[in-house]
Amino acid sequence: MSGETVQQLEARVTELEIKASFAEDLVDHLNAQVARQQDQIDALVREITQLRRQMPESRGDAPGSLRDELPPHY
């Protein structure tokens, strides 16, 4: 071998196995987080869709100007 002993190679393999295990654990945690976030996004999309259905029809397709609306105290 290229100057490395069996013990050194075993130590390197063990270190790589430990790093791979931590990386796998991190990927699992990140996947779970992404799944939770996707669930939240899906819920928000459903909520926005529901709110849009509840909105009264606006005048035409253009959104109304805030200047056209009077504040409640007038």
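Author: A quick definition to start: buried means under 20% relative accessible area, exposed over 50%, and partly exposed in between, with a 1.4 Å probe and protein chains only. This is a predicted model, where local features need pLDDT of at least 70, side-chain atom pairs count only at pLDDT 80 or more, and totals for chains, interfaces and linings use all residues. Residues are numbered from 1 along each chain as its sequence is written, and side-chain values use heavy atoms, leaving out hydrogens and water.

Reader: Thanks! How many salt bridges does a search of the whole structure find?

Author: A salt bridge puts a side-chain nitrogen of Lys or Arg within 4 Å of a carboxyl oxygen of Asp or Glu. Searching the whole structure by that rule gives two.

Reader: Which side chain meets Arg12 in a salt bridge?

Author: Arg12 is partly exposed, at 46% relative accessible area. The N to O distance is 2.8 Å, and the partner is Glu4.

Reader: And with which residue does Glu15 form a salt bridge?

Author: Glu15 is partly exposed, with a relative accessible area of 45%. The closest N and O atoms are 3.4 Å apart, and the partner is Lys19.
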